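Good morning, everyone, and thank you for making the time.

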Amino acid sequence: MKCRKCGDTAALELRRHNAAFCSPHFIEFFRKQVREAIRQHRMVTTEEPILVAVSGGKDSLALWDVLIEEGYATAGLYLDLGIFDYSVESRAKCEAFASARGQRLIVERVEEAMGAPIPVVQKVTRRPTCSACGLSKRYLMNRAALAHGYAVVATGHNLDDEAATLFGSVMHWQTDALPRQSPMLPSTHPKLARRVKPLYRLSERETAAYAFLRGIDYIVEECPFARGATSLAHKEVLNRLEEASPGAKHNFLFGFLEKARPAFERAEGVTLVECASCGQVTTGTICAFCKLADHVKRAAPS
Ligand code: AMP
Ligand code: FES
Ligand code: ZN
Ligand code: ZN
């Protein structure tokens, strides 16, 4: 197989694009997809510094690499969930990446904010681990962005992540979740940072290839709290569809974003106010994070 651009031996075939690329042209293709995502959704301006949420995995470190290479001013944000060796190792990957590139890495510990690390939170609440964890991550990302003066937070969600989330929402007709499914969530309150997903046009396989070709050292292991079986099942279903018909995932997600999403947007929107306890945005009086932290403090042995 030959590279579509230069005719050299191709390193990677992209059936969805009916194309193959050599390493340098794949890297160029990858960055072009990120530029296109940023341009199309007006994710950031070139002058705006970006806080990149990095987990130590391939997607978020690949994203950070692209944004640095594209000339953005960035800092990384690592959220230490306190999940045993997994957290220790993933933090080390982020620190090594940041220091090799002379970038700042901000570290926030869930334990400090919540009063207990994620494994303890899981024990004292009946919520599925990833729901408490996801809630904490969103909260701490916004809090760190505000504290350090960033108007925008970028995450490494890729095409597979976004298609699987959409599939899950549609399977259960979670119509409240559908308008929030977007590569760019604008700020709707002065204390809410914009959230962007510049990798949403790129598949998991493509981010893995990019990370490999760029020599990025990332943590391969997944979080030991196995993700919900359902979200894995959704990814599997979509992979089978993709196998049978390349481009299926892309068409599913992009078709939704272009044609269906507007139909689910609610005209009135939600009104955000400041949490009476911590001052971060919420729709109620006390935000979900403060409620969870309070629950943990009462239940957890100190
Ligand atoms: P996940 O929900 O684990 O698939 O992660 C989605 C995105 O959230 C990643 O690409 C990161 O940008 C961000 N993220 C996940 N875990 C962390 C973490 N511990 N610290 C900072 N950002 C994270
Ligand atoms: Fe959230 Fe595993 S990363 S529970
Ligand atoms: Zn080439
Ligand atoms: Zn609060």
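How are the donor residues of the zinc ion (ligand 3) spaced in sequence? They follow the pattern C-x2-C-x15-C-x2-H, and please keep in mind throughout that this is a predicted model. The residues behind that pattern are Cys3, Cys6 and Cys22, each giving its SG atom, together with His25, which gives ND1, and these donors lie 2.0 to 2.3 Å from the zinc ion (ligand 3).

What about the geometry? The angles among the four donor atoms run from 100 to 114 degrees, and the site of the zinc ion (ligand 3) is tetrahedral. For orientation, the ideal angle for four tetrahedral donors is 109.5 degrees.

Let us turn to the other ion. The zinc ion (ligand 4) is held by the SG atoms of Cys275, Cys278, Cys287 and Cys290, at 2.2 to 2.4 Å, and the spacing of these donors along the chain is C-x2-C-x8-C-x2-C. Here Cys275, in the loop between strand 9 (273–274) and strand 10 (281–282), is paired with Cys287, in the loop between strand 10 and helix 11 (288–299), twelve residues apart. Cys275 is buried, with a relative accessible area of 4%, and Cys287 is buried too, at 3%. The site of the zinc ion (ligand 4) is tetrahedral, with angles of 105 to 116 degrees among its four donor atoms.

Note on methods: Residues are numbered from 1 along each chain as its sequence is written. Chains are lettered from A and ligands numbered from 1 in the order in which they are written. This is a predicted model: local features need pLDDT of at least 70, side-chain atom pairs count only at pLDDT 80 or more; totals for chains, interfaces and linings use all residues. Side-chain values use heavy atoms; hydrogens and water are left out. Donors are N, O and S atoms within 2.8 Å of the metal (3.2 Å for Na, K and Ca); water is not among the atoms, so sites may look incomplete. Four donors count as tetrahedral if all angles lie between 85 and 135 degrees; four count as square planar and six as octahedral if opposite donors are over 155 degrees apart and all others between 65 and 115; anything else is irregular. Helices (H or I, at least four residues) and strands (E, at least two) are DSSP runs, numbered from the N terminus. Buried means under 20% relative accessible area, exposed over 50%, partly exposed in between (1.4 Å probe, protein chains only).
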